[in-house]
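Hi,

Here is the structure I said I would pass on.

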Amino acid sequence: MHGFFETDILSDMQKPFYVKVLLVVTLLLGINAFAQEKDHSSSEEKGSLKTEIKEFIGHHLLDSHDFTLFTIDEEKNEHVGFPLPVILWDNGLKVFSSAKFHHGESVAEVDGNYYALYHGKIVKTDAEGTINYDEDHHATNVKPLDFSITKNVVFIFLVSALMLFMFGRMAKSYKTNAMPKGIGRMLEPIILYIRDDIAIPNIGKKHYKKYMSYLLTVFFFIWIINLLGLTPLGVNVTNNIAVTFALAILTYLITTFTANKNYWKHIFWMPDVPVFMKVVLAPIELLGTFIKPFSLMIRLYANITAGHVVLMSILGMMFIFKNWIGSPLSFGLAFALSLLELLVAALQAYIFTMLSALYFGSAVEEHHDH
Amino acid sequence: MEKLIEQFSFGLFFWQLLLFIAVLLLLRKFAWKPILDAVEDRESGIKDALAAAENAKKEMQNVTADSERLLQEARVEREAMIKEAREMKEKIVTDAKDLAQAEADKMIKQAQLAIESEKKAAVADIKNEVATLSLEIAEKVIKGQFSDKAKQMKLVEEMIGDIKLN
């Protein structure tokens, strides 16, 4: 482990100047954070610290109803951030500020109904905030339909606005100039890459155009939102199964509704195989059409979640190994992993786009002899 | 898996789907279509320009070949013209020579004829002169030797014989 750390630093020596500067700055910040935290955690036991870190990671991975940047004091319930609107459908629309929950400490009363936060979810309770459990220790309280603008929704809004702004400007710059200007210089090669190396080879020259909008949007959406997840704000949107499910279901719907006769023929009545095999293959192929987008959903979700869990666990190790070797070591590991996560952010966007294009390609494939 | 289902937030799913589709439609109209069209236009523009350049090059080659051919033709024509001119010159010279010869021959002939007739005239003149002279002589002789008739006759005869010879 120590050797790995050293080679990592050595290889950094050969990197450009700005990388070195960045390294030093983050190193200083890391030491600073460590120094601040040390006094706080030294009084506590190691076991409880581990649980605390685990809980923190678990909490970090979940969506939340308020925008908390950081917590000053857990006991005194002091947080820096701002509340977000809560929108519920519970026999009528209920809109109120998440400040009413006081970060899950208190029960919110709206129009005579009482709501409480339970593991990040809003449940309906009585005035005391009682949570009823069944024998498997699951809450049995009624969960109203929650359309709240959560932290993740805020980020989806932000990324949407950012994309509209960036690409709208880029599109406008083409009106006066044949060559892209400003940010378009960076984005155009990526757009061309998606067209020439993802869409055209997988879908074919004849049909690729109608899928370009989706492929481009999904690529940039996943990429940008993954990158934002790596910023200190650390809001992970793509590690929510609901988000990846929404994206995967779009790929599934587009594949299904644009599929030609040949595609369905290959599912229900596979050509060039005996009749018995046709019957056996049909349900397998049909199941395959669901498994494909399902794998898209799980892949994106699992990659981003795993990246964050490992990254935060390594950061957490800093507070457990409170000695001169442990902290730099876990810092180095975290740094290396952050670089890897930068790659993963783009890679997962690429894979999602690539596989979507592959499924679209199979949907519009023309009949040809095998 | 159970945890995943428990974690699933319908609200987030709803917002993600709604916002993503909205962004997709907006971007399609205001960004992707203009961007891809612009890029495609540019690419086809470059392709056209390259094809035009290639065509121009070919045309240029054709023009060069044409001018080369014209030059060759002009050269051949020039040579033919020179040849023709030379031939014509020779012909003219020959013709002129022939004509001059013929004229000269004709003049010579005329001159000869003239000389002949002059000679004849001269001979006739001489004859007349001789006859006159002879008559004069004869007169003188006759005048001088009128006494001798026989002698006179003889002389006349001799004279007439001489004239006959001529």
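**The hairpin and its sheet**

Let's start with the hairpin: E3(A) and E4(A) form one with 3 residues between them, and Asn91(A) in the turn has a positive phi of about 55 degrees. Bear in mind that this is a predicted model.

The two strands, E3 (residues 85-89) and E4 (residues 93-97) of chain A, run antiparallel and pair over 5 bridges. Going through the pairs, Trp89(A) has Leu93(A) as its bridge partner in E4(A), and Ile87(A) sits opposite Val95(A) of that strand.

**Where the chains meet**

On to the interface: 34 residues of chain A are in contact with 28 residues of chain B. On the chain A side, strand E8 (145-146), helix H4 (151-176), helix H5 (184-203), H6 and helix H7 (241-258) each supply at least two residues. H4(A) gives the most, with 12 residues. By type, the chain A side divides into 24 nonpolar, 8 polar and 2 charged residues.

**Helix H6**

What about H6(A), is it mostly covered or uncovered? Mostly covered, with 16 of its 21 residues buried. The length checks out too: at 1.5 Å a residue, the 21 residues of this chain A helix (residues 209-229) should span 30 Å, and the end C-alpha atoms are 31 Å apart, which agrees.

Cheers

Note on methods: Residues numbered from 1 in each chain as written. Chains lettered and ligands numbered in written order. Predicted model: local features only at pLDDT ≥ 70, side-chain atom pairs only at ≥ 80, totals over all residues. Helix = DSSP H or I, 4+ residues; strand = E, 2+ residues; numbered from the N terminus. Expected span 1.5 Å × (residues − 1). Buried ≥ 20, exposed ≤ 12 C-beta atoms within 10 Å, placed from the backbone. Pairing = 2+ DSSP bridges. Contact = placed C-beta atoms within 7 Å. Nonpolar A, V, L, I, M, F, W, Y, C, P; charged D, E, K, R; others polar.
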